[in-house]
Amino acid sequence: MKILGFMGSPRTKGLCAQFTESALKGAASRGAEVKQFNLVKYKIKYCRGCHSCVYKNHELPIGICPIKDDMAGILEEYLAADGYVMACPVYDFTVTSIMKAFIERRFPLFYKQKGLHGKVPDARVKQGFKKKASLIATGDAADEYAAIAEPCFEVMSGHFMIEEIDVVDQLYVGLIHSVDEQRYKEKMQQTFAMGVRLVEEIEKARQQGGQ
Ligand SMILES: Cc1cc2nc3c(=O)[nH]c(=O)nc-3n(C[C@H](O)[C@H](O)[C@H](O)COP(=O)(O)O)c2cc1C
């Protein structure tokens with residue numbers, strides 16, 4: 001089983017990065033092969049909105065994007081994986097532009113009939129809820145204002161809904177600039193447990209035949 005972590009903070013040694021790593025360690029402790037993508041380190045240009053990836057080559061599992069950067073390779077790894085950790089700091093009430101660019105460029109995973117307007121594109125490969133995902137958001141706002149992270153969770157999970165990938169956990173860690181030792185330990189344990197649960201939920205879904 002392979003679990004990928006996509007981390008949207010520009011700070012690759014920050015807390016968001018550490019929580020992602022911790023969740024992946026949890027998954028690895030249950031035998032998963034893991035890989036963390038600190039997205040800022042990859043060449044991911046913003047989507048130009050040409051729509052050619054969704055309108056053409058419907059026979060392919062991944063549409064063809066005319067932009068030549070790291071995204072085509074990432075999408076191949078994405079499709080081959082079994083589970084995902086998506087983690088991002090709240091920036092101006094939503095995800096960072098790093099995470100947003102990545103999410104927009106997942107558009108080749110979808111297809112759309114030309115002229116069919118008013119409907120969301122459909123996934124080229126539906127996962128039948130056998131794959132699962134966990135979400136992490138960090139922010140300066142205290143935990144009691146966790147609602148501030150809702151737009152982040154929505155943006156990070158929107159595509160999963162269409163691909164039929166369940167979100168099994170979502171965690172907001174607030175007061176991120178004043179995390180003391182005890183809270184740090186607690187959140188590292190919590191994110192580790194998220195990784196463990198992610199693998200368990202995927203295994204459970206496989207045993208149950210997908211639902
Ligand atoms: C440009 C910018 C905008 C931010 N906007 C918000 C915000 O709207 N709400 C919030 O709670 N924190 C906000 N923050 C704080 C970040 O969420 C915080 O620095 C981040 O979660 C820390 O994660 P890191 O350790 O990965 O850098 C903002 C920070 C920056 C730099």
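Which residues touch the most other members of the largest nonpolar core?

1. Ile3, Met86, Cys88 and Ala137 do, in a core of 54 residues. Helix H1 (residues 15-29) gives the most to this core, 7 residues. A nonpolar core here is a set of buried Ala, Val, Leu, Ile, Met, Phe, Trp, Tyr and Cys residues joined through C-beta atoms within 7 Å. Buried means 20 or more other C-beta atoms within 10 Å of the residue's own, exposed means 12 or fewer, and partly exposed lies in between, with C-beta atoms placed from the backbone. In soluble globular proteins, nonpolar side chains tend to be buried together.

2. On provenance: the model is predicted, so local features need pLDDT of at least 70 and side-chain atom pairs count only at pLDDT 80 or more, while totals for chains, interfaces and linings use all residues. Residues are numbered from 1 along each chain as its sequence is written.

3. Strand S6 (residues 132-138) pairs in the parallel sense with strand S7 (residues 166-173) over 7 bridges, and S3 and S6 also pair in the parallel sense over 7 bridges. Pairing requires at least two DSSP bridges between the strands. Helices (H or I, at least four residues) and strands (E, at least two) are DSSP runs, numbered from the N terminus. Ser134 stands opposite Asp169 in S7.

4. S6 is largely enclosed by the rest of the structure, because 7 of its 7 residues are buried. Lys132, Ser134, Ile136 and Thr138 point one way from the strand, and Ala133, Leu135 and Ala137 the other way.

5. Ala137 stands opposite Tyr172 in S7, and Cys88 stands opposite Ala137 in S6. Leaving aside neighbours within four places in sequence, Ala137 is in contact (C-beta atoms, placed from the backbone, within 7 Å) with Cys88, Val90, Ala149, Cys152, Phe153 and Tyr172.

6. Around the ligand there are 17 residues, of which Ser9, Gly14, Cys16, Pro89 and Gly139 come nearest; a residue is near if its C-beta atom, placed from the backbone, lies within 6 Å. H1 supplies the largest share of this shell, 3 residues.

7. Two backbone angles deserve a look. His51, in the loop between strand S2 (33-38) and helix H2 (52-55), has a positive phi near 70 degrees. Phe93, in the loop between strand S3 (83-89) and helix H4 (97-104), has a positive phi of about 70 degrees. Most residues other than glycine have a negative phi. His51 is partly exposed, with 14 other C-beta atoms within 10 Å; Phe93 counts as exposed, with 12 C-beta neighbours inside 10 Å.

How values were computed: Two residues are in contact if their C-beta atoms, placed from the backbone, lie within 7 Å.
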